[in-house]
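Please keep the model open while reading.

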Amino acid sequence: MVGEGTTEIFICFFAAIVGYVGLTAAVVLTLRDRHPIALWRVVALIVFVHVLMVWIYRYDWQFDLAVRNGYAGFVLFHTTLVSILIAAFANKHLARKLMHLSFVIVTIGAAGASFRYAEVSMYRFVVIPCGLVGAVGLVKFYIFDRRKRRTPV
């Protein structure tokens, strides 16, 4: 793989984990009816820089490397990036939904990557707790809290 073992690759994946922790924090805040737009914009920037660095240092701008694990993952990965970027500038209701959906998709990808690839395996000790905190919060928000907010017909 292009860039294997370089400082740039370390920075690239460190940005990914910082972005993921920020994503988790932003999601948790939205679950408490706060809309941390400044935090979300910083997270979106970090995620964008991570993806850009992946293209530069990991794929060397080679499309065949970017789709080596399939087109579905490629499309999902980049659609989620677009969703994160849109959420940074959308109204708070749309932004919250995009943030929550992005969190779920990124969590699945990050957890899978941390078990599949040796170079990011050390991040599973951050990914798993963040994923659990966010997932429990989302389940509570969308399933249990929603039941309380419903009014009888």
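Glycine 109 has a relative accessible area of 41% in this predicted model. Eleven residues separate glycine 109 from valine 120 in sequence, and the C-alpha to C-alpha distance between the two is 12 Å.

The next point is the packing of two helices. The axes of H1 and H2 lie 8 Å apart, at an angle of about 155 degrees. Since angles over 145 degrees count as roughly antiparallel, H1 is therefore roughly antiparallel to H2. The contact of H1 with H2 is made up of 19 nonpolar, three polar and two charged residues.

In soluble globular proteins, nonpolar side chains tend to be buried together. Here the largest nonpolar core has 38 residues, and the members that touch the most others are Leu23, Val27 and Trp40. At least two residues of this core come from each of helix H1 (7-31), helix H2 (37-58), helix H3 (63-66), helix H4 (71-87), helix H5 (92-116) and helix H6 (124-149). With nine residues, H1 gives the most to this core.

Which residues does tryptophan 40 touch, not counting residues up to four places away in sequence? They are Leu23, Ala26, Ile84, Ala87, Ala88 and Met99.

Conventions: Residues numbered from 1 in each chain as written. Predicted model: local features only at pLDDT ≥ 70, side-chain atom pairs only at ≥ 80, totals over all residues. Heavy atoms only, no water. Core = buried A, V, L, I, M, F, W, Y, C linked by side-chain atoms within 4.5 Å. Buried < 20%, exposed > 50% of the residue type's maximum accessible area, 1.4 Å probe, protein only. Helix = DSSP H or I, 4+ residues; strand = E, 2+ residues; numbered from the N terminus. Contact = heavy atoms within 4.5 Å. Axes fitted to C-alpha atoms, helices over the stretch in contact; angles between N-to-C directions. Parallel < 35°, antiparallel > 145°, perpendicular 65-115°, else oblique. Nonpolar A, V, L, I, M, F, W, Y, C, P; charged D, E, K, R; others polar.
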